[in-house]
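Hello,

Here is the structure we talked about. Please have a look, then read the notes below.

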Amino acid sequence: MTTTPEQDSDSLDPQQWDELRAQGHKMLDDMFDYLQQIRSRPVWQPIPDEVRGQFAQPLPRHATDLTQSHDIFMRSILPYAIGNSHPGFMGWVHGGGTPVGMLAEMLAAGLNANLGGRDHIPIEVERQVLRWVCELFGFPKDASGLFVTGTSMATLISILVARHKVLGPEVRTLGVAAGGKRLTAYTSRGAHGCIAKMMDMAGLGSEALRLIPMDNAHEMDIAALRHAIASDRALGYTPFFIAATAGSVNTGAIDPLIKVADVAHQEKLWFHVDGAYGALAMLSPDIAPRLAGLERADSIAFDFHKWGQVPYDAGFVLIRDRAQHRDTFASPAAYLRRETHGMAAGTDWPCDFGPDLSRGFRALKTWFTLQVYGTDRLGQVIAHTCDLAKYLEQRILATPQLELLAPVSLNIVCFRYRGDDADHINAGIVGALQESGRVAPSTTTLDGKLAIRAAIFNHRTNKADIDALINATLELGTAKMNS
Ligand SMILES: *Cc1c(COP(=O)(O)O)cnc(C)c1O
């Protein structure tokens, strides 16, 4: 029993801490139960209108019990999540999260730290993660970087730093048009859509991103890259940025990083790596050699919330040239003055390296995850999901009704059930699989063919889940062919 003297009834803190404590413990237990028993739940289930309707209420002017609000959470929110914590979830690129990450998120919320700047240890925790990342990726010790929402934002920051480098500081005051240069950037056709979106947001236009053809392995074609750069130069454009992908969203392909780095070096272009999910494969000694060249990047965008299993969101941008990075974002402001001592001590604050001034403590759940599990273990999880993908590939190749649609590079497998009108049949199979609640892949289109796309990211997924995917696909496919 804890009693607090002089309870201030105007504050939002409870009058009865004991009640809150009991309720809090119950909420924590409910989440432990949820994670412990996740396998017994459906991955996902269709949302009844009645449930959706509960979230169309007017502004709550009056108080509702925490207990009652938590009941609504348990009944109407928790059961209707997308299911990426579930071992049967294989859609898109989603991490599974961990109980440790969940606990750390609670600690961070309790501390309520703002990591925009100032002198406090939460910022040192973020700097610690930055130093770990530099070590992992073979970056210089004085490289800069920070947590952001995700790879999309990390990509925008990378493009802005590269843009600042090529256009000079005037771009910040006069805008992109002032220099009279027409900048162009390069990435593979298989690259993630956020690169084009961020070219647009950087004021350069999505069409200034040239989409380079891929080879049979879905990797960027280097001869085509060289050719595109040369023809743009001949037309008076200013090439400035190449984005290679380490682990593509569709098929998990890794662009030839060393060759792209060579081209960037020879052409004096910024070398960016979209390592959204794949960069953390550096944690696996078996896969790391395939990412050689990553250490030559000028910038890397990646997410701890995918293969790193840190709860959403925990994106990260790493920039080799700290001065260039700071000069792209730092702005003087009277109320952000740096002092020699006191709370405002220190020079480089995270707000000098990106658009955000208020920033949460994403570093803590990441620090806890790396620290508590250890990076060897996280690397083993990554390698294991690749082994499961290989197993799925073997099963597909051994099943005449199924067709493999792309080489399996890492942990993503694209395949389909063979037959007439295969696009229609396979879209139907995926919809039915998702509604079954047992295993949930998503779809993509490869060379005009609709594919069942299974992306194995969750540390909870096992061989039985892969078997369930194959068996259910065959059952559904057979039924659809006969209907
Ligand atoms: C997920 C992903 C992105 C986008 O990252 P967000 O964290 O969702 O912004 C970009 N590229 C690849 C290859 C991805 O897998």
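Accessible areas here come from the Shrake-Rupley method with a 1.4 Å probe; for residues, only the protein chains shown count as cover. On that basis the accessible surface of the protein is about 23000 Å², and 54% of it belongs to carbon and sulfur atoms.

The model is predicted: local features need pLDDT of at least 70, side-chain atom pairs count only at pLDDT 80 or more, and totals for chains, interfaces and linings use all residues. Residues are numbered from 1 along each chain as its sequence is written, and side-chain values use heavy atoms, with hydrogens and water left out.

Overall fold: the protein has 15 helices and twelve strands (DSSP runs, H or I of at least four residues and E of at least two, numbered from the N terminus). Of its 483 residues, 49% count as buried (under 20% relative accessible area, 1.4 Å probe, protein chains only).

Aromatics: there are twelve aromatic pairs (ring centres of Phe, Tyr or Trp, the latter by its six-membered ring, within 6.5 Å; planes under 30 degrees apart are stacked, over 60 edge-to-face, the rest tilted). Phe147 and Phe304 make a tilted pair, 5.7 Å centre to centre with 35° between the planes. Phe147 sits in strand S2 and Phe304 in the loop between strands S7 and S8, so the pair ties together parts 157 residues apart in sequence. Phe147 and Phe316 have centres 4.9 Å apart and planes at 85°, so this pair is edge-to-face. Phe316 lies in strand S8, so its pair with Phe147 in strand S2 links parts 169 residues apart in sequence. Both Phe147 and Phe316 are buried. Phe137, Phe147, Phe302, Phe304 and Phe316 form one aromatic cluster.

Best regards

Technical notes. Buried < 20%, exposed > 50% of the residue type's maximum accessible area, 1.4 Å probe, protein only.
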